[in-house]
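Dear colleague,

Please find below the structure that I am handing over to you. My notes on what was found in it follow.

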Amino acid sequence: MQSKKHKNYMRYTIKDFKKEFNTDAQCVRFVFINRYGKDYECPQCHEKGKFYLIESRKRFDCVCGFTTSPLAGTIFHKSSTPLTLWFHAIFLFASSRNGVAAKELQRQLGVTYKTAWRLAKQIRILFAQANDPLSGIVEADETYMGGQRKGKRGRGAENKTPVFGIVERQGRARAEVVENIKIKTVQPIINSSVVKGTMIMTDEFNVYNRVKDNGYYHQTVRHGVGEYVRGLVHSNSIEGFWSQLKRSVSGTHHAVSPKYLQLYVDEFVWRYNFRKQLLFPLMLATAVKPISTNYGRTFS
């Protein structure tokens, strides 16, 4: 799956997928090997490489009688949906730049909408954001998500959900759905997510007035007077991220409930952060880990 060909051309096609994951047995073996290793030592008899697959139960038994379930604790745990469909859904997520709607999964996989929605929700858990702080030149900005409504747009718009984001120039992004865009909400996020002494670029919105006081260099671009770039000072990277997020949500999902918006934000932050890598192997490598090690709150 990570052959030289794939690394060079950043391609993993449906032919590759069907060759590697055509049966549930192939899928569960992949989970077992990537979670425990091919020569997994039995905790009971301490022999290595003596486990064999019980296909009907999706488990592995040692010759001594010890049993282990490689799916326990993962997004696949206690699911009656065939693993081939789970893996196919992950493949579709990895192959799409703009995300995959539950209705599309329903059509592609031939499952009910309820099953497709659950698959998508569980897969999005894999996209939980890391807590590594950002550095270099960082841009910070906010946006508002929600359906198109008459009236004021942007800051102060009613019935919209605010999202605050930070992006490294040529690097990673972080974003979180927040209750409001106020200094007491935004500044703690910056403090916990950006290395002190970093240069932070924002617009002139007064919510960023405390950035410099908290140990950062701060430059502003004055959008209110039509200024969008002043040498290295701009917020084009974060605005580009917002544009991709909004186009994807609008074009693929049309509308997202505020209750689940963070999962969608996490997904597109993950896509942005790994945009130069082959996504399918990364997603599978994350999927075989227990959920408790995958998913935590973004800014804590």
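**Overall picture**

Of the contacts in the protein with a separation of 6 or more, 59% are accounted for by residues 24 or more positions apart. Please bear in mind that this is a predicted model. The protein has 11 helices and eight strands. Its length is 300 residues, and buried residues make up 48% of them. The protein exposes about 15800 Å², of which carbon and sulfur atoms supply 49%.

**The three-stranded sheet**

Three strands form an open sheet in the order β1-β2-β3, and their pairing is antiparallel. At its edges are β1 (51-54) and β3 (67-68), each of which pairs on one side only. In general, the strands of a sheet pair through backbone hydrogen bonds, in either a parallel or an antiparallel sense.

The pairing of β1 with β2 rests on four bridges. Four residues lie between the strands in the hairpin of β1 and β2, where K58 takes a positive phi near 55 degrees.

On the other pairing, β2 (residues 59-62) joins β3 in the antiparallel sense over two bridges. F60 has T68 in β3 as its bridge partner, while D61 is partnered by T67 in β3. The hairpin formed by β2 and β3 also has four residues between its strands, and G65 in this turn has a positive phi of about 105 degrees.

Which helix packs on the sheet? Helix α3 (residues 24-36) does, touching β1, β2 and β3. The direction of α3 makes about 145 degrees with that of β1.

**Helix α5**

Helix α5 covers residues 102-109, and A102, L105 and L109 are buried in it. Viewed down the axis of α5, these buried residues fall within an arc of 55 degrees, so they line one face of the helix. The spacing can be read against a general rule: an α-helix has 3.6 residues a turn, so residues three or four places apart point the same way. The partners of the buried residues of α5 are α4 (83-95) and α6 (113-124), against which they pack. After α5 comes G110, which has a positive phi near 70 degrees.

**Helix α8**

How far apart are the end C-alpha atoms of helix α8? They are 25 Å apart, which agrees with the 26 Å that the 18 residues of α8 (residues 236-253) should span at 1.5 Å a residue.

The buried residues of α8 are S237, I238, F241, W242, Q244, L245, S248, V249, T252 and H253. Seen down the axis of α8, they fall within an arc of 160 degrees, so they line one face of the helix. These buried residues pack against both helices and strands: α6, β4 (137-145), β5 (161-168), β6 (173-177) and α9 (261-273). H254 follows α8 and has a positive phi, near 70 degrees.

With kind regards

Technical notes. Residues are numbered from 1 along each chain as its sequence is written. This is a predicted model: local features need pLDDT of at least 70, side-chain atom pairs count only at pLDDT 80 or more; totals for chains, interfaces and linings use all residues. Side-chain values use heavy atoms; hydrogens and water are left out. Buried means under 20% relative accessible area, exposed over 50%, partly exposed in between (1.4 Å probe, protein chains only). The arc is that of the directions from the helix axis to the C-beta atoms. Contact means heavy atoms within 4.5 Å. The expected span of a helix is 1.5 Å times one less than its number of residues. Two strands pair if DSSP finds at least two bridges between them. Axes are lines fitted to C-alpha atoms, for helices over the stretch in contact, and angles run from 0 to 180 degrees between N-to-C directions. Accessible areas come from the Shrake-Rupley method with a 1.4 Å probe; for residues, only the protein chains shown count as cover.
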